[in-house]
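Dear colleague,

Please find the structure below, handed over for your records. My notes on it follow directly after.

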Amino acid sequence: MTEDAVVDDKDLLTIGAFAAKARLSAKALRLYDRLGLLTPAHVDEASGYRYYRADQAEPARLVALLRQLDMPLARIAEVVAAADGDQAARLLAGYWADVEARVAGQRTLAEYLRGRLSGRNSEMYGKFEVETVDVPARVVITETRHTLAGELPAWIGASLGRLEAASRECGGITAAPFVVYHSEVSMESDGPAEACVPIADEAAARAWAEGHGRAWETRVRAEPAQRLAYTRITKAQVAHPQILAAFEAVEQWIAAQGLEQSGPCREVYFADWEAAGAEDPACDVAFPVK
């Protein structure tokens, strides 16, 4: 007897008959079963043979099509289990929006790399105007975290939000918040990065940090007076990898001016991020110099 053997229940199809109806292979159906994406209607306890109902053909085809979109198994399971077609369509739309955002970022990165490989670096860097500014000494409350590039935007928003809320207990904010990169943050390197908010009352800040430092790796430190070389970029340019060209443009300018970097690079967020449009100035990419 084979797995295609006929069973007494006329409403059940052997895996071979069901595979033909669903226009899939028996191998694919066994895989979907193992992955928990399409469970047979009946499995014979003695033989282990799988049997399906005719109305499982449409979910089987759906799984096959979703796999062609490279959808993760967990998200395929969500779509297949959706309560109705509208919910399933919304889940698919959400996944595809994520795909398009990722591809758009990869397309931008590819264009950036083509510029580097073809020697058009100076043309790219020429789009950025670099200046210097003297920044006075100040006290900052900070959060530090090891984070990869994909997690960075969400962490920056959350950490600066927490620190800005805390500043109300520390005399208020005295200057624009900023993020310091003590080491590279990329898809492979996790920094660390340090979110910083300048505050007015150091004593109050140290009292606040005592109660919160362990939870968020929060501390208070003094920033020395320093000169920054910086370029101002739009909200759209803050996205990776567009921002890489801004950092490299400032580094190139520093070298051309005969200056030296005297500390880790940073991003200074001076605009209302939620209210800013894509083309509005929103951030300074800066390096301490001497």
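Ala 286 lies in strand β11, which covers residues 281-289; strands are DSSP runs of E with at least two residues, helices are runs of H or I with at least four residues, and both are numbered from the N terminus. The model is a predicted one, in which local features need pLDDT of at least 70 and side-chain atom pairs count only at pLDDT 80 or more, while totals for chains, interfaces and linings use all residues. Residues are numbered from 1 along each chain as its sequence is written, and side-chain values use heavy atoms, with hydrogens and water left out.

Ala 286 counts as buried because its relative accessibility is 1% (buried means under 20% relative accessible area, exposed over 50%, partly exposed in between, with a 1.4 Å probe and protein chains only). Leaving aside residues up to four places away in sequence, Ala 286 touches Leu 228, Ala 229, Tyr 230, Cys 265 and Arg 266, a contact being heavy atoms within 4.5 Å. Ser 262, 24 residues from Ala 286 in sequence, is 11 Å from it, C-alpha to C-alpha.

Turning to the whole chain, the secondary structure comprises 9 helices and 11 strands. The chain is more spread out than a compact globule, because its radius of gyration is 28 Å, well over the 19 Å that the globule rule gives for 290 residues (the radius is taken over C-alpha atoms, and the rule is 2.2 Å times the number of residues to the power 0.38). Buried residues make up 40% of the 290 residues. Of the contacts between residues at least 6 apart in sequence, 67% join residues at least 24 apart.

Yours sincerely
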